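Thanks for coming. I will go through one structure and keep to what was computed from it.

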Amino acid sequence: MTIKGVRGPKPTPGALRRDVYRPAIRGEYGRLVAAIAESRGWSVQHTIEMALIKLATVEEAEAAGLVE
């Protein structure tokens, strides 16, 4: 299975990090994410997760199984 925008080799069945989603991000946005992460003392992953939380509607979060 190939996901458009995801770089790198296909995950192996027993891979430790097989659930990592790595979309291609244009250079200027990569620099923006890195600047936000550094400014707040967060990891890049946490920065992107927080941006998604801020952007998502309740309905979208429910559809993704993220609402308790």
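I start with a term: a polar contact is a pair of N or O atoms within 3.5 Å; within protein, one must be able to donate a hydrogen and the other to accept it, and residues adjacent in sequence count only if both atoms are side-chain atoms. Next, the provenance: this is a predicted model, where local features need pLDDT of at least 70, side-chain atom pairs count only at pLDDT 80 or more, and totals for chains, interfaces and linings use all residues. Residues are numbered from 1 along each chain as its sequence is written, and side-chain values use heavy atoms, with hydrogens and water left out.

The overall layout, then. The protein has three helices and zero strands, in the order α-α-α along the sequence. Helices (H or I, at least four residues) and strands (E, at least two) are DSSP runs, numbered from the N terminus. The protein exposes about 6,400 Å², and carbon and sulfur atoms supply 59% of that; accessible areas come from the Shrake-Rupley method with a 1.4 Å probe, and for residues only the protein chains shown count as cover. Of the 68 residues, 7% count as buried. Buried means under 20% relative accessible area, exposed over 50%, partly exposed in between (1.4 Å probe, protein chains only).

Now to helix α2, residues 44-55, where T47 is found. Is T47 buried or exposed? T47 has a relative accessible area of 6%, so it counts as buried. A polar atom of the T47 side chain lies 2.8 Å from the backbone oxygen of S43. Leaving aside neighbours within four places in sequence, T47 is in contact (heavy atoms within 4.5 Å) with V33, I36, A37 and W42.

I48 lies in helix α2 as well. Its relative accessible area is 31%, so I48 is partly exposed. I48 belongs to a nonpolar surface patch with I25, Y29, L32, V44, L52 and L55, together about 650 Å² of accessible area. The elements giving two or more residues to this patch are α1 (27-40) and α2, and α2 gives the most, with four. Patches are made of residues with over 30% relative accessible area and no salt bridge: like charges are joined within 9 Å, nonpolar side chains (Val, Leu, Ile, Met, Phe, Trp, Tyr) within 5 Å. A salt bridge is a side-chain nitrogen of Lys or Arg within 4 Å of a carboxyl oxygen of Asp or Glu.

Last, I53, also found in helix α2. I53 is exposed, at 59% relative accessible area. The C-alpha atoms of I53 and L66 are separated by 9.8 Å, with the two residues 13 apart along the chain.
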